[in-house]
Amino acid sequence: MKRIAFLGTGLMGAPMVRRLLAAGFPVTVWNRAPEKAQALSADGATVAESPAEAVAGAEVVFTMLSDGHAVRDVLFARGVAEALAPAAVIIDTSSIAPQMAREHAGQLAELGFAHVDSPVSGGVVGAEAGTLALMAGGDAAVIEGLADVFAPLGRLTHVGPVGAGQVCKLANQQIVAVTIGAVAEAMMLVEAGGADRAKFRDAIRGGFAESRILELHGGRMVTRNFAPGGPSRLQLKDLDAVAVLAEATGLTLPLTETVRTEFTEFVAAGNGDADHSGLLLHLETMNAGAPAQESK
């Protein structure tokens, strides 16, 4: 079994580590907040005090960090690149800008290491169940050689060269954000028109409006449970990256830009750590003229 180092054991990283451990892989973990890494020792993980210590001797190194700057800091400022074992492969499952992924891959290639950008979709539920969608960009032979490592995590698709995984993740996040906005607006419309939100959601299940967003996030909107699975600040980070890519490629994306504006205002109002389904609260405030109350 390949020796794995996993850097970043937060909401998504921790359940991914547990999936790898359950599959029999030896995993060494590190996290900026040490208690989050330490919690995985009960599952069989080895806890390292630094990222450089974590990657020593590892054949595969995962990163699951908040953004591209955090990835760059860990890889190149905290000694990881210098501590990598010969022929180690770095798999970045973080959601970062495609250009940053390409830059990281280029720097690692100069040092003799392969890099795969493989952001994921499916949220905490998918990470726990091992049903994540994994969008991998990089060398086909390298990715094929990692099939056993990806298998416990979910369904892998090689989507193109380095950076392509991040492009596909941004497109995924477009769909997620716009659909969350559409479901939230529909919830308000049916209630304003005299229908029951929960029964409305049940009624349209199985029709053309069916989706994972309606199932999971629509359910959150009904129960008003906005504890973070996917924090709104990270949704906004991805939408900002979409805007940069759209500008660079000359695209006009009106639906995406509208929902980006709404998330910008929602996060600016202090809701960055609310689940992105909590966009409903912002839309309710716009329509009611008073702050909506989040359930506890």
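## Serine 50

In this predicted model, serine 50 sits in the loop that runs between strand E3 (46-47) and helix H3 (51-55). Its relative accessibility is 26%, so serine 50 counts as partly exposed. The cut-off matters here: buried means under 20%, and exposed means over 50%.

The side chain of serine 50 reaches into the backbone of glutamate 53, where the nitrogen lies at 3.0 Å. Serine 66 is 16 residues from serine 50 along the chain. The C-alpha atoms of these two serines are separated by 17 Å.

## The aromatic pair

The structure holds 1 aromatic pair. Its members are phenylalanine 6 and phenylalanine 62. The ring centres are 5.2 Å apart and the planes meet at 15°, so the pair is stacked. Planes under 30 degrees apart qualify for that label.

The pair links distant parts of the chain. Phenylalanine 6 belongs to strand E1 (residues 4-7), and phenylalanine 62 belongs to strand E4 (residues 60-63). The two are 56 residues apart. Both phenylalanine 6 and phenylalanine 62 are buried.

## Helix H1

Helix H1 covers residues 13-22. Of its 10 residues, 7 are buried, so H1 is largely enclosed by the rest of the structure. The buried residues are Gly13, Ala14, Pro15, Met16, Val17, Leu20 and Leu21.

## Helices H4 and H6

Two packed helices are described by the angle between their axes and the distance between the axes. For helix H4 (residues 68-77) and helix H6 (residues 98-110), the axes come within 10 Å. They cross at roughly 10°. That angle makes H4 roughly parallel to H6, since angles under 35 degrees count as such.

On the H4 side, the contact is made by Gly68, His69, Val71, Arg72, Leu75 and Phe76. These meet Met100, Glu103, His104, Gln107 and Leu108 in H6. The contact residues divide into 5 nonpolar, 4 polar and 2 charged.

## Serine 121

Serine 121 lies in strand E7 (residues 120-121). Its side chain makes a polar contact of 3.1 Å with the side chain of asparagine 172.

Leaving aside neighbours within four places in sequence, serine 121 is in contact with Leu132, Ala133, Met135 and Asn172.

Note on methods. Residues are numbered from 1 along each chain as its sequence is written. This is a predicted model: local features need pLDDT of at least 70, side-chain atom pairs count only at pLDDT 80 or more; totals for chains, interfaces and linings use all residues. Side-chain values use heavy atoms; hydrogens and water are left out. Rings of Phe, Tyr and Trp (its six-membered ring) pair if their centres lie within 6.5 Å; planes under 30 degrees apart count as stacked, over 60 as edge-to-face and the rest as tilted. Helices (H or I, at least four residues) and strands (E, at least two) are DSSP runs, numbered from the N terminus. Buried means under 20% relative accessible area, exposed over 50%, partly exposed in between (1.4 Å probe, protein chains only). A polar contact is a pair of N or O atoms within 3.5 Å; within protein, one must be able to donate a hydrogen and the other to accept it, and residues adjacent in sequence count only if both atoms are side-chain atoms. Axes are lines fitted to C-alpha atoms, for helices over the stretch in contact, and angles run from 0 to 180 degrees between N-to-C directions. Angles under 35 degrees count as roughly parallel, over 145 as roughly antiparallel, 65 to 115 as roughly perpendicular and the rest as oblique. Contact means heavy atoms within 4.5 Å. Ala, Val, Leu, Ile, Met, Phe, Trp, Tyr, Cys and Pro count as nonpolar, Asp, Glu, Lys and Arg as charged, and the others, Gly among them, as polar.
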